[in-house]
Amino acid sequence: MPLSCFVPTIVTEVVKLLKTTPAKSCELDLVPTWLLKHLASVIAPTICNLFMKNGMFPAQLKQARVQPLLKKSTLDPDDVSSYRPISNLPYISKFIERVVVSRSSHHTSTFNLLPAQQSAYWSFHSTETALLSVHNDLVYAIDSGKVSLLVLLDLSAAFDVIDHQILLSVLENWFSMDSIALRWFESYLTDRVQSFSYAGVQTPSFKVDCRVPQGSVLEPHCFISYTEDIVDVLE
């Protein structure tokens with residue numbers, strides 16, 4: 001059964017989500033986080049449902065402000081490689097993403113659309129689960145008198161390699177998204193921009209035509225969807 005639209009939020013769900021999310025704000029926030037939390041039961045459901053119902057993600061929330069953060073205090077501050085780029089997104093943007101992730105994850109789990117071996121970024125499937133699985137396979141192979149070969153693939157800056165069109169194709173053809181739900185993801189990924197800020201100086205906005213926004217709630221969710229067929233490729 002395809003995921004064509006998102007189930008609307010209700011007040012109790014919104015209030016619970018707001019209570020469990022940190023009250024962080026950035027320069028891009030149109031409404032202070034503390035005020036949004038205070039008026040949660042009044043305005044939050046309306047905001048989420050409006051943007052999910054129409055399959056559109058507002059342009060005002062597609063901006064990111066990137067700031068360099070020194071990795072360690074002992075590193076040379078004059079060396080560019082000493083810094084880690086931190087992307088700040090509007091609070092409302094990440095809040096809407098949380099709601100969408102809950103709907104998308106429910107759909108994925110209901111129809112078992114992720115590989116059974118998928119660990120990390122999936123409920124009850126952590127990196128510890130992966131280690132236990134590998135350990136079990138190795139011990140079983142040794143007990144059976146077999147030789148084991150472990151192949152590791154390390155993707156540098158993995159989230160940066162996500163191609164928007166390929167991701168949308170995967171969501172449509174493998175995860176059975178269509179209509180409003182698919183249009184929402186397309187709108188979310190399209191026409192995104194980011195600017196860089198350091199020492200009070202800000203650059204013009206640059207278009208982001210690949211990857212999922214760093215620091216977003218959807219970032220890991222989209223990545224495991226994007227790479228869901230890697231098990232089939234290896235086999």
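Reader: Which residues form one aromatic cluster?
Author: This is a predicted model. In it, F6, F57, W184, F185 and Y188 form one aromatic cluster.

Reader: How many aromatic pairs does the structure hold?
Author: The structure holds seven aromatic pairs. One of them is F57 with Y188, an edge-to-face pair with 5.0 Å centre to centre and 80° between the planes.

Reader: Where do F57 and Y188 lie?
Author: F57 lies in the loop between α3 (40-53) and β1 (63-70), and Y188 lies in helix α7 (residues 179-189). The pair therefore ties together parts that are 131 residues apart in sequence.

Reader: F57, buried or exposed?
Author: F57 is buried, with a relative accessible area of 2%. Y188 is buried too, at 0%.

Reader: What about F196 and F206, how are their rings set?
Author: Their ring centres are 6.1 Å apart and the planes meet at 65°, so that pair is edge-to-face. The cut-off for edge-to-face is over 60 degrees.

Reader: And which strands are those two in?
Author: F196 is in strand β3 (residues 192-198) and F206 is in strand β5 (residues 206-208), so this pair ties together parts 10 residues apart in sequence. F196 counts as partly exposed at 34% relative accessibility. F206 is also partly exposed, with a relative accessible area of 44%.

Reader: Back to Y188. What sits over its ring?
Author: The charged end of R192 does, 4.6 Å from the centre of the Y188 ring.

Reader: Which of them gives the most?
Author: α5 does, with eight residues.

Reader: How many residues line the pocket, and which lie nearest its centre?
Author: The largest pocket is lined by 30 residues, and Q117, A130, V134, V151 and L152 lie nearest its centre.

Reader: How many are nonpolar, polar or charged?
Author: The lining of the largest pocket divides into 19 nonpolar, eight polar and three charged residues.

Reader: Last one, helix α4. What should it span?
Author: Helix α4 (residues 91-110) has 20 residues, so at 1.5 Å a residue it should span 28 Å. Its end C-alpha atoms are 29 Å apart, which agrees.

Reader: What happens just after α4?
Author: N112 takes a positive phi there, of about 50°.

Methods. Residues are numbered from 1 along each chain as its sequence is written. This is a predicted model: local features need pLDDT of at least 70, side-chain atom pairs count only at pLDDT 80 or more; totals for chains, interfaces and linings use all residues. Side-chain values use heavy atoms; hydrogens and water are left out. On a 1 Å grid over the protein atoms alone, a cavity is a set of points where a 1.4 Å probe fits but cannot get out, and a pocket is an open set with protein on both sides within 12 Å along at least five of seven lines; lining residues have an atom within 4 Å of a point. Helices (H or I, at least four residues) and strands (E, at least two) are DSSP runs, numbered from the N terminus. Ala, Val, Leu, Ile, Met, Phe, Trp, Tyr, Cys and Pro count as nonpolar, Asp, Glu, Lys and Arg as charged, and the others, Gly among them, as polar. The expected span of a helix is 1.5 Å times one less than its number of residues. Rings of Phe, Tyr and Trp (its six-membered ring) pair if their centres lie within 6.5 Å; planes under 30 degrees apart count as stacked, over 60 as edge-to-face and the rest as tilted. Buried means under 20% relative accessible area, exposed over 50%, partly exposed in between (1.4 Å probe, protein chains only). A charge sits over a ring if NZ of Lys or CZ of Arg is within 6 Å of the ring centre and within 35 degrees of the ring normal.
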